Structures are given as C-alpha cells and as structure tokens.
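Hi everyone, thanks for coming. Please take a moment to look at the model on the screen, and then I'll walk you through a few parts of it.

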Amino acid sequence: MKGYRFAILIMLVLGFSMLSQTSPFQMNDFSENEIIATPLQDADLILSENFEEMNLSSLDLSLYLNETDATVPGNLTIDFYNSDPVVFSSIPFHLYLSGMLAGDRLGYIEILNVSALTPSPVPLTFDVYSVDQLMWIHLIDDLQPNTSIILEIVFESVLPTDSSDRAGVSGTDIDSSKMYEFASAYPIPCVYDEYDGWNTDPYLDTGDPFYLDMAYYDFNLTLPNAMKVAATGELMGVDVGTTSTIYRYTPSAPVREITFCASRYYIIESQIYHGVNVSSYYLPESVSLWSSNGLAWGIRALSLFNNTFGPYPFTTLNIVEDSGFYYGMEYPCQVYLSNIINDRYQNEEITADVLDSVIAHEVAHQWWYHLVGNDEVDVGFLDEGLAVWSVYYYSEFYNLGWTGKEFDFISVRMIYPAKINQSIYDESSTYYFTAYDKTPVVLEKLRQIIGTADYLDSLRLFFTRFSFRLAFLPDLQTAFEDQLNRDLDWFFVPMFDNAYLPEYSFQSVFYNSSSNSLVLVIEDLNEGFHIRRYTQNFTVEVETTDETIEFTDVQLYGTTEVILSLPESSTGTPTTVILLYDDYSLVQLDDPLVHFISTSNITNDTPINSTTPSTPEPPWDPGLTIYILAGAGIGVIALAIVALVQKKNRS
Ligand SMILES: [Zn+2]
C-alpha cells in the first residue's frame, strides 16, 4: 500500500520537481523494442517449477453481490493442503472484514456453516473471535503433514458502508461514483511457518498487515446486470441471465488472494500487451486524469518490471480506481488507485505524475509481495522497500525527473533514528519511515556500491528463487551474496539492524612534516548505539598553504584512524581537512545542504613511525588503520589498507 504519509512526501517531492517538469506522458515516449526483452508469457520456463513441485491448497469461491443491502453471500470450498511438518487439529482463518473502517455500518463476515466434504458433508465445529477477526475450524481427525482435507464454508460478507477501506460500498448513484469493493473480505486461511507457528495477526492499522500463502483459485461472481466489474484473473466465461450475470474467473497461476470491485459507472480501457490483457477502470469524474493515462502507465510499469525483475506470469492486470483512504493498494493481478488522487489533481494540489508513480508502485508489488511473498507484519519493510525502490528505477529508466529518491535520502539523513529490521508491533511509530524511506535508500546505497548490473542480477536471482514462495531478509542478502560471491554482513547488518546512522567528527589530526603525512582519527559519535559499525567510503580533501589534495575511497569502519601520505611534490603545510559526503553517503546530518565536515585544528610534528603504525591509545576505540598515499597531482591516489586492528563486532 501507499499511505497518506508517503503520499504527502510524494506530493512535496513532485510538487517542486514538477515546476520544471514536462508534459504528460505519451505512449510513444518509450520504445517497446527497447524494453521487451523478456516475453511476458515465458514465465512458465522460469517459474512454474517453483509451484508445480509444491502442493498448494485450492480455493473455489462462489460470490453473489446483493446490491441493495451491500452484502456478499458466499460459499468457499477449500482443498486445504498441510505442507508443514506438524499435525493440525484446528485451522485458523482470517476474517479481516470486521477490522476495516466504516461509516455508519461496520463490516463483518458471518459464518453460517462449516463442514468437511468426505465427500458427503460432515458438520464441523468452529469458533469465531471477532475482536481478533479470526475463525478456528476444529477438525474431527488430525490433519497429518502432506495430506489434505476439503472444507466447505458458507458465509455472508456484510460490506462496511461509506467505506474508505479495502472493502466496502462507497460513493453515490447521484454523482455516478457508487462502487462495491471486495478485498480481503472472505475467510482466508492463515499461514503456518516455522517462526511464528500460525500467523493469526488481525487487520492492523499500520502497513499492509497481510501474509498469505499462494493457492490455486477459481471463483464465480454473480452481479446485477449492467454492473461492470474488475476482478483477479482471467475471465473464463459469462452467463447473462434476465436480471443478473455470472462471471467465472481463473487466475492463470496461483495467487495469494482474489478481489473484485464492481460499479455501474466504470469506464474501461483495455489493451492486449504481449499476451497480458491490461485494463484500466475509472469513474466518469476522473476521465481527464485517467483517460489513456491509467492504461499507458500500467503498461509501461508492467513492461519495465517484467524485463528487469523477471516475467509476469499472469494473463491479466487491472488498474482500478477505488475510494480508499490510501493512495494505492496492491492485489494479485489487480491494483487499486484511490479517487483521492483525482480529487487532489482536480484541485491542482498534485500533478498527474502522482497517479503515474502510485500505479508504478502498486504494479511493482506484483513482483514484491505477490510473487515473492513475505510476512508483511514481521518484515513489511521488505516488499515496501523494494516497491519504492522500483519506482526510483522507473523514474530513472523513463527519465521522468522525479526527485523522490533524493528526498528520501535527505529524510533518512535528517529524521529520527529507526531500525528497519523489526516487526510492525515493535516499530509502529516508525514503520512508514523505515519501510517507505529508509529501506529503499539502503537498497539504492547497495546499488551504488556494487553497481547497477550486479544489483539487478541479484534482484532477478532473488525473484527467480522465491517467486510463488515466501522470503525473508536473509534470503535477499543471500541472493546478493551468491550473485557477488562475497559476504555482505558488513553491509546488511548495520544498515538493517542499527537504528542510527554514523555521525562523524574529527577527533584528532596530526601532521608529521618529516614524513609529510597526516594522521586522522575520525570518530563515529553514534558508535555506542550500533549493533555493528558501518563501513563506507568517502573522499577526504586536504587543503594546504599551496593546494588542495583529494583522497578518494577513504574507507571508514566505525571510528577509524586514517594515515594520508601527501605527494612528494607537495610542499605546502596542511591547513584544513575536509570529509566530503556525496549523494549516497549515509550519515546523520544536521543541515541537508552541508555535505561535509571539516577541521583546521591540526597538530604539527607529532612523531609517528613512518613505516609501522603506532597502536592507537585509548580513549578511542580504533577501527581500521588505513594508509592513503596520494599520487602526483590532485585526485590521483593509491590506497593500501594495512591493518584491521579491531575484532569485528558481529551481531
Ligand atoms: Zn506499497
């Protein structure tokens, strides 16, 4: 999802970046030939083995929209497969609907009957915990590992009214905006994993609190005639009756859940794009913003991410306007964009690029969360961080000039400390910052260190390994390590597990005129807060009475002693030492415009041994001692890392 706070950031960013921005997007702004290197439907070759060897559950849903009272009676038949090495006597199902926001009527799911099909129905007992939005179904016989049971659940979903949440009825017929949105609104089986056992988390206020297994789905949907509907998966058949129509859908590969949104007023545009039926659905009031744009922006996001991360395996993708309090929300094969975007666009509070960026964000979630799944309660930063980073890349690839990335780097350097790698329960106050700002910034930092080619190859490897499966942070790290063939603890541990960024200060600077060298101790004032010290490279400039000498790739590992050998040609006396930060330095800053620290407090002629390093004395806790030898001329350097004094502080 992309929430309010993020939306405001985007607005601020786009607001000023758009001052110098260009015209709305045109379809011919990009070349298809340039982008489509991976045929969309070649997904089979890469991905099918990820789920064909798995025994997934199968869900068969029948849903009926009662327009008058905004209810959806339903019948769910689930062939539940126990893929875990434990015996289940009860199985929990999420009933998220009663946790959602509402106007004058709360939503809920009433469970009418539960039975086991053996094959004739045998009634089962069940308990509903409405506060926890949970139902436990009690089995007659234990379900052994690698066996399955077929359950039938008869229910009625009562949609919240005047809703601005993920499910509900909203809008009016008077202004042609009435719609019925059905998302996370039927009983959905919980995920069992080795870390938490059953993940029974309720519908939380913070983030997207979902964590669902892939499953095969089939569903049919009965709607009043003349209702237009966007739904997950390929439309396999339509039966038109005298007053109602039955639509039958089958997603072309497993999905984590299904959704639909129906309105009498939707305007629909569609295009078959390399075998994928891409459609946009929007309300009449939004025509000036959405016409052509919604479809075109969805296609170009699909195109880029398909080619960059790995093949999109489905045959449909719907870009759908809804009425959410959020800007956007992702579901398999279907993403929602709130009509708040159009309202603000019409009020000239935002530009059309906001819709473009939110579409790109939600489409990126097809790869990050839907195909590569993760526990959004415990590691929600993982898919959100990747989705935000994907929009950085989208802007860069299509040369859109958005400044979200730059703004996020400023935020991360300026805003409060917050650790990324923790669950929503532990960091609810900082979740949006860590997931939407800090994680993508850390990912971009990694890309700057290892280079774009290896970075993208690593993401492709991660996607290939975990599409249709569930991934955790170590899985992402391992994909990068395997791609690069080297350990990355030095990057991942401090970046994801430290709350603070380093804040550097010159502790001492000694100049030895006989060896013409400088000994700097650069202290990380935040070191006491870290689980592990940061390793980053910087440029140091030495101003002398004659010239400025630049030393690049000066590596700091926490508080670090650095020895800089000035060029033999240098005859001046050092007057100032400057530690420069570039656009991707991750350091704490007090002023976003000041990208360096400096000192002129240089002590002269302190004796040092010119061939072997002196062991630094307390009080500082030395990190690396590094010797930097400046070559002839400014900016030419040779670097020798001599001694790793400090035992590594691993978490
Ligand atoms: Zn998101």
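Let's begin with how we count things: helices (H or I, at least four residues) and strands (E, at least two) are DSSP runs, numbered from the N terminus. Counted that way, the chain has 13 helices and 35 strands. Please remember that this is a predicted model, where local features need pLDDT of at least 70, side-chain atom pairs count only at pLDDT 80 or more, and totals for chains, interfaces and linings use all residues. Residues are numbered from 1 along each chain as its sequence is written.

Now, burial. A residue is buried if 20 or more other C-beta atoms lie within 10 Å of its own, exposed if 12 or fewer, and partly exposed in between, with C-beta atoms placed from the backbone. The chain has 651 residues, and 47% of them count as buried.

Is Asp69 buried or exposed? Asp69 counts as exposed, because it has 10 C-beta neighbours inside 10 Å. You'll find Asp69 in the loop between strand 1 (57-64) and strand 2 (71-81). Asp69 and Leu159 are 90 residues apart in sequence, yet 8.8 Å apart in space, C-alpha to C-alpha.

Next, the inside. A nonpolar core is a set of buried Ala, Val, Leu, Ile, Met, Phe, Trp, Tyr and Cys residues joined through C-beta atoms within 7 Å. The largest one holds 146 residues, and Tyr180, Val229, Ala262, Ala301, Leu302 and Ile359 touch the most other members. Which helix gives the most to this core? That is helix 8 (residues 380-397), with 10 residues. A second, separate core has 23 residues, including Leu501 and Ile549.

Helix 8 also packs against helix 10 (residues 431-450), at an angle of about 55° and with the axes 8 Å apart. Axes here are lines fitted to C-alpha atoms, for helices over the stretch in contact, and angles run from 0 to 180 degrees between N-to-C directions. Two residues are in contact if their C-beta atoms, placed from the backbone, lie within 7 Å. Among the residues making this contact are Trp389 of helix 8 and Leu443 of helix 10.

Last, a sheet. Two strands pair if DSSP finds at least two bridges between them. Strand 3 (residues 88-94) is joined to strand 11 by 2 bridges, and Phe93 has Pro189 of strand 11 as its bridge partner.
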